[in-house]
Amino acid sequence: MKKWIIGTLIGGIIVFGWQTLSWTALQLHRPANDYAAKQDTILNFLGSQLEPGEYFLPTYPDGASSEEQSKIMETSMGKPWAKVSYHARYDGNMGMNILRGFIVSLICVAMLIWIIQNMNAPSFSTIFLTSLFIGIIGFSVFPYSVHIWYETKGTTADFLDAILQWGLCGLWLGWWLRR
């Protein structure tokens, strides 16, 4: 139990610590959050047109027939499109977000340790590669598959995050769990 608790705590700090560095000091995710010169005008316009939510433009309304859907898709080919995430108010209080992010990191590392501890005498390299593969699977299922469909920016930073945070965690767990 001691190995699990200490492994989870230090592993969670490694995973969360890398995320913090990646988003703050290293600014790896900056390309996915570009500055728009007319941001106030754009936000005012969006606020007058949209309720808070996620939008894909252009698309068809709920209940549209197959013919209407096909026509909209056909007339949209080659034209501009956007994926908009609109929020009615910004809240810069990061305390709860930081806490939730750290708790998620702890839970993920605890689940990884459970997987490792259910292996029959895993080697250092097996522990390291298991952790690394968890990161690659997570990257492939979410950020990369979203990138495939929506051409999102920042996929390289997401890949680096997956490799580095889970690779570093795997190095730690490979050493700690085999002591």
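Modeller: Let's take helix α5, whose buried residues have a cover that includes α4 and α6. Cover here rests on contact, that is, heavy atoms within 4.5 Å. Helices (H or I, at least four residues) and strands (E, at least two) are DSSP runs numbered from the N terminus. A word on the source: this is a predicted model, in which local features need pLDDT of at least 70 and side-chain atom pairs count only at pLDDT 80 or more, while totals for chains, interfaces and linings use all residues. Residues are numbered from 1 along each chain as its sequence is written, and side-chain values use heavy atoms, with hydrogens and water left out.

First, the helix itself. α5 has 27 residues, and at 1.5 Å a residue it should span 39 Å; the C-alpha atoms at its ends are 38 Å apart, which agrees. The expected span is 1.5 Å times one less than the number of residues. Along the way, α5 bends by about 40 degrees at S140, and the proline P143 follows within four residues. That bend is the angle between axes fitted to the seven residues ending at a residue and the seven starting there.

Which residues of α5 are buried? They are I127, T130, S131, L132, G135, F139 and P143. Buried means under 20% relative accessible area, exposed means over 50%, and partly exposed lies in between (1.4 Å probe, protein chains only). Leaving aside neighbours within four places in sequence, S131 is in contact with L112, W166, C169 and G170.

Now look at the two loops on either side of the helix. A121 lies in the loop between α4 and α5, and this residue has a positive phi of about 50 degrees although it is not a glycine. With a relative accessibility of 66%, A121 counts as exposed. Just after α5 comes E151, where phi is positive as well, at about 50 degrees. E151 belongs to the loop between α5 and α6, is not a glycine either, and is exposed, with a relative accessible area of 58%.

Rolling a probe the size of a water molecule over the atoms shows where empty space is left. Here a pocket is an open set of points on a 1 Å grid over the protein atoms alone, where a 1.4 Å probe fits, with protein on both sides within 12 Å along at least five of seven lines; lining residues have an atom within 4 Å of a point. A volume is the space filled by probe spheres set on the points, which are joined across faces, edges and corners.

The largest pocket has a volume of about 2,100 Å³. It is lined by 49 residues, and those closest to its centre are W23, A32, N33, T152 and K153. Which element gives the most to this lining? It is α5, with eight residues. Elements that each supply at least two residues also include α1 (2–23), α2 (39–49), β2 (82–86), α4 (95–117) and α6 (155–176), while α5 itself covers 124–150. By class, the lining of the largest pocket has 27 nonpolar, 14 polar and eight charged residues. In that count Ala, Val, Leu, Ile, Met, Phe, Trp, Tyr, Cys and Pro are nonpolar, Asp, Glu, Lys and Arg are charged, and the others, Gly among them, are polar.

The second largest pocket holds about 410 Å³ of space. Its lining has 15 residues, with F56, P58, M73, S76 and W81 nearest the centre. α3 (66–76) and α5 are the elements that give two or more residues to this lining; α3 gives the most, with three. The lining of the second largest pocket divides into ten nonpolar, three polar and two charged residues. P58 has a further feature: a cis peptide bond joins L57 and P58, with omega about 0 degrees. You will find P58 in the loop between β1 (53–57) and α3.
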